[in-house]
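Could you take a look at this one with me?

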Amino acid sequence: MLAVLWNLLLAYVVYQIARLTYYFENTDYLNYTLDVWRGGLLFDTSAILYTNALYIVLMLLPLHWKECTIYHQCCKWLFVLVNSLALAINFMDAVYFRYTMRRTTTTVLEEFSNEGNLGNIIGTEFLNHWYLVLLFALVVFLLWRCYARPSINSHSLKWWRYDVVCLLSLLLFAPFCVAGMRGGFTTAVRPITISNANQYASRPVDAALALNTPFALIRSIGKNVFVVP
């Protein structure tokens, strides 16, 4: 349980790095305030729990036979890949923001559906923003190195006790995960959506800084998102 909490804390650090990068890439357009930071924690929590739900379940499954090197190595790969993808999406959106002035949603699929030169555009932006590529590689490396794997002493551990502890941890953690995904335990304005970011921004454009791109993509799947004329 402690290892899972530590690793989720690492995910928060990754999202904060992504938000700071988003801001510094667009300082001419955005204001980073305390309210934006508070709102960012709310939306980051939702995105982190959505994207890491499988990892959390795999780590807390009450099955003692999973305490082996291969199983935990697979969990580590899953965690690092998922959060690296989230970081990459946030970085790319930091570059794309100045063209849309909002967080990218699933409407991006329609925006580029007729683009025949997409490969050259992406390649050019990679070269123009080489420092983001280096920062991405550094953060992913640190995420891999700082990942905590639970240590189980197989010689002294009573497996039935381990199974009970894991089951209780999973049952206790589940409602907090649901609440985090929805934005809280109350029913007011739940689950949170992209529009809720406006209450943390003094200007409409700053709502993009409170949000994160994985959350915006998840919340806009299958929905008709407002389109700026």
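Here are my notes, in numbered points.

1. Some ground rules. This is a predicted model, where local features need pLDDT of at least 70, side-chain atom pairs count only at pLDDT 80 or more, and totals for chains, interfaces and linings use all residues. Numbering runs from 1 along each chain as its sequence is written, and side-chain values use heavy atoms, with hydrogens and water left out.

2. Have a look at M101. It sits in the loop between α4 (69–100) and α5 (108–111); helices here are DSSP runs of H or I, at least four residues, numbered from the N terminus. M101 is partly exposed, at 34% relative accessible area (buried is under 20%, exposed over 50%, partly exposed in between, with a 1.4 Å probe and protein chains only).

3. Next, D93 in helix α4. D93 counts as buried, with 3% relative accessibility. Apart from neighbours within four places in sequence, D93 contacts Y22, R102, R103, T104 and T213 (contact means heavy atoms within 4.5 Å). The C-alpha atoms of D93 and N212 are 9.2 Å apart, although 119 residues separate the two along the chain.

4. Finally, find V164 in helix α8 (residues 159–182). V164 is partly exposed, at 40% relative accessibility.

Methods
Helix = DSSP H or I, 4+ residues; strand = E, 2+ residues; numbered from the N terminus.
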